[in-house]
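Visitor: I'm new to this one. Can you walk me through it in short steps?
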Amino acid sequence: MFEVLVSDPSQVAEARRRATAAAGLAGFGEVTAGQAALVATELCSNLLKHGQGGRLLVNPCNNTLDLIALDSGPGMPDVEACMADGYSTAGTRGQGLGAVRRLAQSVEVASWPGSGTAVWARLVTADETNPDALAIAIRRPPVVRDAGVWAVNVPKPGENVCGDGWDWSEDEHGRTLFVVDGLGHGTEAALAANAALAAFRRHRGAAPEEIVQAVHSGIRHTRGGAVAAARIDWAGATVTFAGLGNIAGALVLPSGQTRRMVSMNGTAGHNARKVQGFEYPCPPNALLVMHSDGISTGWSGERYAAMLWKHPMLLAGMLYRDFSRGRDDATVVVTGTGRP
Ligand SMILES: [Mn+2]
């Protein structure tokens, strides 16, 4: 995932170019990459017209391109009206978000007066020889809130690789999330993070404290890092959290009330006097949030209470928008605590 700042019209063209390149990386053909370019352009134009500028996050993945537009502007007065084709408060052609909705597989928007706007559009590849398949928006199901784990993962400005990593796994009883922050940033941090992710994948069925212990043992040859694992047990309505170093974990209840979870001091790979998991009650309608220290811990779910029923990707985006320190790799991972 990478970020393009959009504060003047020349940067819209840059965002368009980079989104098109990212679509190519994700396996999009010429036509669908063109659709992605159009969506990126509309999102960025919207940032300038309605958001006083902002940022576009671009995430190419296997046959999928996620575009997340974030601004801290006045917010949209009526999201549904703005999403309709032909509507534009800025007096332009009025394609805007209507075009985004037509071309993307799914579009999620959170916007409140005074709180800015977050728009997440997901595009997917299509069979470009099939005209029906190219009209992707109307033929694919929406991306369901509880069906996955949602993350923003952005390198430190100026770096090409991210020293943070995240992953998750799931079985019939629950879901496990894992976040690593390789010490420092850049290539060596990314190598440590990749080693930690590999260790997590070998132990993904284990308890969180066992995962952390296994990662600690498995990344001794690297510069090490901060790690944490959290396991949601659906039937027991609990989450067990084990952390080593500065990875934050919190449960956000539907009221916005935020319960922070406890990590132990240390550096995975080098220094772990004690690895311990702690269990917390976890209702099925809460959100589990984990983030690296590229995001400050000064946030509270109360400020975002209005959007806790929106898609979790939007909360990840807004926490990044509001609490990214801007001088480190930054990762926010959010998942619903309910059984999908
Ligand atoms: Mn960090």
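Visitor: Let's start with Q52. Is Q52 buried or exposed?
Guide: Exposed. Q52 has a relative accessible area of 68%. Keep in mind that this is a predicted model.
Visitor: Where is the place of Q52?
Guide: Q52 sits in the loop between α2 (30-51) and β2.
Visitor: And what is phi of Q52 near?
Guide: Phi is near 60 degrees there, a positive value, and Q52 is not a glycine. Most residues other than glycine have a negative phi.
Visitor: What about A237, what is its phi near?
Guide: Near 50 degrees. That is again a positive value in a residue other than glycine.
Visitor: Where is A237 found?
Guide: In the loop between β9 and β10. A237 is partly exposed, because its relative accessible area is 30%, and the exposed class starts over 50%.

Visitor: New topic. Which residues are the protein donors of the manganese ion?
Guide: D181, D293 and D328. Each gives an OD atom, and they lie 2.1 to 2.2 Å from the ion.
Visitor: What spacing do the donors follow along the chain?
Guide: The spacing is D-x111-D-x34-D. D181 is in strand β8 (residues 174-182), while D328 is in the loop between α8 and β15 (330-336). So this pair ties together parts that are 147 residues apart in sequence.
Visitor: Are D181 and D328 buried or exposed?
Guide: Both D181 and D328 are buried.

Visitor: OK, salt bridges. How many does a search of the whole structure find?
Guide: Eight. One of them joins the side chains of R55 and E3, at 2.8 Å from N to O.
Visitor: Which parts of the chain does that pair link?
Guide: Distant ones. R55 is in strand β2 (residues 54-61) and E3 is in strand β1 (residues 2-6). They are 52 residues apart.
Visitor: How accessible is E3?
Guide: E3 is at 21% relative accessibility, so it counts as partly exposed. The buried class is under 20%.

Visitor: Let's switch to helices. At what angle do the axes of α6 and α7 cross?
Guide: Roughly 135 degrees. The axes of α6 (residues 187-202) and α7 (residues 208-218) come within 9 Å. That angle makes α6 oblique to α7.
Visitor: Is the crossing left-handed or right-handed?
Guide: The crossing of α6 and α7 is right-handed.
Visitor: Which residues make the contact?
Guide: From α6, A196, A199 and F200. From α7, I211, A214 and V215.
Visitor: Zoom in on A199. Buried or exposed?
Guide: Buried. A199 is at 0% relative accessibility. Leaving aside neighbours within four places in sequence, A199 is in contact with A214 and V215.
Visitor: How far apart are A199 and V215 in space?
Guide: 5.3 Å, C-alpha to C-alpha. In sequence, A199 and V215 are 16 residues apart.
Visitor: Which residues of α7 are buried?
Guide: P208, I211, V212, A214, V215 and H216.
Visitor: And what do the buried residues of α7 pack against?
Guide: They pack against β8, α6, β9 (225-233) and β10 (238-244).

Visitor: Last stop. Where does L97 lie?
Guide: L97 lies in helix α4 (residues 96-103). L97 is buried, with a relative accessible area of 2%.
Visitor: How are L97 and S45 separated?
Guide: They are 52 residues apart along the chain, and 9.8 Å separates their C-alpha atoms.

Terms used:
Residues are numbered from 1 along each chain as its sequence is written. This is a predicted model: local features need pLDDT of at least 70, side-chain atom pairs count only at pLDDT 80 or more; totals for chains, interfaces and linings use all residues. Side-chain values use heavy atoms; hydrogens and water are left out. A salt bridge is a side-chain nitrogen of Lys or Arg within 4 Å of a carboxyl oxygen of Asp or Glu. Helices (H or I, at least four residues) and strands (E, at least two) are DSSP runs, numbered from the N terminus. Buried means under 20% relative accessible area, exposed over 50%, partly exposed in between (1.4 Å probe, protein chains only). Donors are N, O and S atoms within 2.8 Å of the metal (3.2 Å for Na, K and Ca); water is not among the atoms, so sites may look incomplete. Axes are lines fitted to C-alpha atoms, for helices over the stretch in contact, and angles run from 0 to 180 degrees between N-to-C directions. Angles under 35 degrees count as roughly parallel, over 145 as roughly antiparallel, 65 to 115 as roughly perpendicular and the rest as oblique. A crossing is left-handed if the near helix is turned anticlockwise from the far one by less than a right angle, and right-handed if clockwise. Contact means heavy atoms within 4.5 Å.
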